[in-house]
Amino acid sequence: MNTTSNSLFSLDASYVKQFQEQLLTWYSENKRTLPWRENQDPYRVWVSEIMLQQTRVDTVIPYFERFTSLFPTLQDLASADEEKVLKAWEGLGYYSRVRNLQTAVKEVCESYGGKVPDTPKEIAGLKGVGPYTAGAILSIAYGIPEPAVDGNVMRVLSRILLIEEDISKPKTRILFEKAVRELISHEDPSSFNQAMMELGALICTPKSPACLLCPMRELCKGFEEGKQHELPVKLGKTKVRKAKMAAGIIAREDGRFLIHKRPSEGLLANMWEFPNTEYVGENKNAEMDAIKGYLDDTIGVEAVLEEKAGYIEHVFSHLKWEINIWQGKILESTEELPPDWKWVTVEELDQYPFPVSHQKIIRLIKEAIIV
C-alpha cells in the first residue's frame with residue numbers, strides 16, 4: 001500500500017483480503033443490537049440513516065422505535081399528515097430531512113410501486129438521498145457493493161490508509177469512495193459498510209481512538225506513523241453567525257398562549273414557535289420594543305410585557321440563536337388571527353411540533369408560570 005502526492009493509492013489483494021477478514025470478524029463479534037438491524041427492510045434502513053446523520057445512536061433509538069411504530073411502512077409515511085410527521089421527529093432537529101424523506105417516499109409510492117429503488121441512479125434521484133444514504137440503503141438492504149462514505153468512515157480510513165487530504169473538500173469524498181470500492185467485501189457489503197460505521201463509533205472515535213483495542217491496528221498506517229490523533233485533516237470550518245432574538249410568552253385572559261407557524265420554506269419550515277424576532281441593541285428596552293413591534297406589525301396585537309422569563313441558546317451548523325424570553329399579556333384585540341397564528345392552552349401545546357429551542361420555552365411555561 002502507498003499514498004502519493006496526487007492522492008491516489010493502490011491496495012494489493014492480500015491487504016484487501018486481510019482488511020476484510022479482520023474487520024468483518026470483529027464486527028460479527030462486537031456489533032451492537034440495534035432496532036434497525038432486526039431485518040434488512042429498505043424503508044427501515046432509510047429512516048435510520050436519515051435519523052443517524054449528525055445524531056448519536058443512543059439518542060436515535062427511541063425516536064426510531066416511535067417513528068416506525070407510528071409509520072410502520074413506507075406507505076404509512078407517504079400518506080401521513082405532515083404535522084404529525086414533524087411532531088414524531090420533534091427533538092431530532094434538521095427538520096428538512098424528514099420533510100425530504102416524506103416527499104421521497106411519496107415518489108417511491110407513485111413511481112416505483114412502493115418499492116425502494118435498488119439501482120444507484122434511481123435511488124440517488126430521490127429527494128434528500130445523497131451519495132452516503134444511497135450507498136447505505138443499497139449495501140445494507142440490497143447487498144449491493146456501493147460505498148457509504150460519511151464523516152465517520154472518512155475518519156477511519158484517513159487513519160488506516162494515512163490519507164492527509166482535507167475532508168471538508170467535496171473532491172476528497174470521491175477519494176474515500178474510491179478507497180471503499182477497493183476494500184469493500186463483495187460477498188457481504190452490508191456487514192462491511194456497517195462494520196466501518198461501527199468501528200468509527202466504538203473504537204476509532206474522533207478524539208480518543210482506542211488503538212490498542214482496534215482490530216485494524218496492524219494495518220493502520222496512521223498508527224504506525226503516530227499520526228492517528230492528527231487525522232482526519234479538516235481545514236474548512238463554517239462560520240457561525242450570532243443572532244440576538246427576543247421571544248414572548250404572550251397570554252390572554254383565558255390563559256391561552258399565542259403561537260405561530262413558521263413559513264413552509266427555509267429554516268425549521270412549518271414548525272410552530274412562540275412569537276420571536278431578531279433585534280439590535282444591548283438593553284431590555286430593545287428586546288421588549290422588538291417583541292411588541294413585531295406583534296403589532298404582524299397581527300395587530302398590542303402586548304404588555306411584564307417580566308423576563310429566561311434565556312436560551314440554540315446552535316445550528318451556521319447560526320446561533322441567543323434568545324431572551326419575556327412573559328406578557330395582550331390588551332384587548334378585536335382582530336382575528338391569520339391562519340398561521342393560534343391561541344392554545346398549555347395542554348394543546350403538546351399537539352404541535354416545536355423546534356428544540358421552543359420546547360425549552362414550553363418547559364418554562366409548565367414549570368415556572370403554571371405550576
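**Figure 1. Pro209 in the loop between α11 and α12.** In this predicted model, Pro209 is buried, with a relative accessible area of 11%. Neighbours within four places in sequence left aside, the residues in contact with Pro209 are Arg159, Ile203, Cys204, Gln228 and His229. Of these, Arg159 is one of the buried residues of helix α9.

Figure 2. The buried residues are Asn152, Val153, Met154, Arg155, Val156, Leu157, Ser158, Arg159 and Ile160. Their cover includes α1, α10, α11 (189-202) and α12 (221-224). At the start of the helix, a side-chain oxygen of Asp150 comes to within 3.2 Å of the backbone nitrogen of Asn152. After the helix comes Leu162, with a positive phi near 55°.

**Figure 3. Thr172 in helix α10 (residues 170-183).** Thr172 has a relative accessible area of 3%, and because this value is under 20%, the residue is classed as buried. With neighbours within four places in sequence left aside, Thr172 is in contact with Glu165, Asp166 and Ile167. Helix α10 is also among the elements that cover the buried residues of α9.

**Figure 4. Ala13 in helix α1 (residues 13-30).** Ala13 is exposed, with a relative accessible area of 65%. Ala13 and Leu183 are 170 residues apart in sequence, and their C-alpha atoms are 9.3 Å apart in space. Helix α1, in which Ala13 lies, contributes to the cover over the buried residues of α9.

**Figure 5. Helix α5 (residues 82-89) and its buried residues.** Within α5, the residues Val85, Leu86, Ala88 and Trp89 are buried. Seen down the helix axis, the buried residues fall within an arc of 160°, so they line one face of α5. Among the elements covering these residues are α2 (42-52), α3 (57-70), α4 (74-79) and α6 (95-111). At the start of α5, the backbone nitrogen of Glu83 has a side-chain oxygen of Asp81 within 3.1 Å. Just after the helix, Gly91 adopts a positive phi of about 105°.

**Figure 6. The protein as context for the close-up views.** The protein contains 14 helices and nine strands. Its C-alpha atoms fill a box of roughly 80 × 50 × 35 Å along the principal axes. Of the 371 residues, 50% are buried. Among contacts with a separation of 6 or more, 68% are between residues 24 or more positions apart. The protein exposes about 18200 Å², of which carbon and sulfur atoms supply 49%. There are 45 positive and 54 negative side chains, and the centres of the two sets lie 4 Å apart.

Methods:
Residues are numbered from 1 along each chain as its sequence is written. This is a predicted model: local features need pLDDT of at least 70, side-chain atom pairs count only at pLDDT 80 or more; totals for chains, interfaces and linings use all residues. Side-chain values use heavy atoms; hydrogens and water are left out. Helices (H or I, at least four residues) and strands (E, at least two) are DSSP runs, numbered from the N terminus. Buried means under 20% relative accessible area, exposed over 50%, partly exposed in between (1.4 Å probe, protein chains only). Contact means heavy atoms within 4.5 Å. The arc is that of the directions from the helix axis to the C-beta atoms. A polar contact is a pair of N or O atoms within 3.5 Å; within protein, one must be able to donate a hydrogen and the other to accept it, and residues adjacent in sequence count only if both atoms are side-chain atoms. Accessible areas come from the Shrake-Rupley method with a 1.4 Å probe; for residues, only the protein chains shown count as cover. Lys and Arg count as positive and Asp and Glu as negative; His and the chain ends are not counted. The place of a charge is taken as NZ of Lys, CZ of Arg, CG of Asp or CD of Glu.
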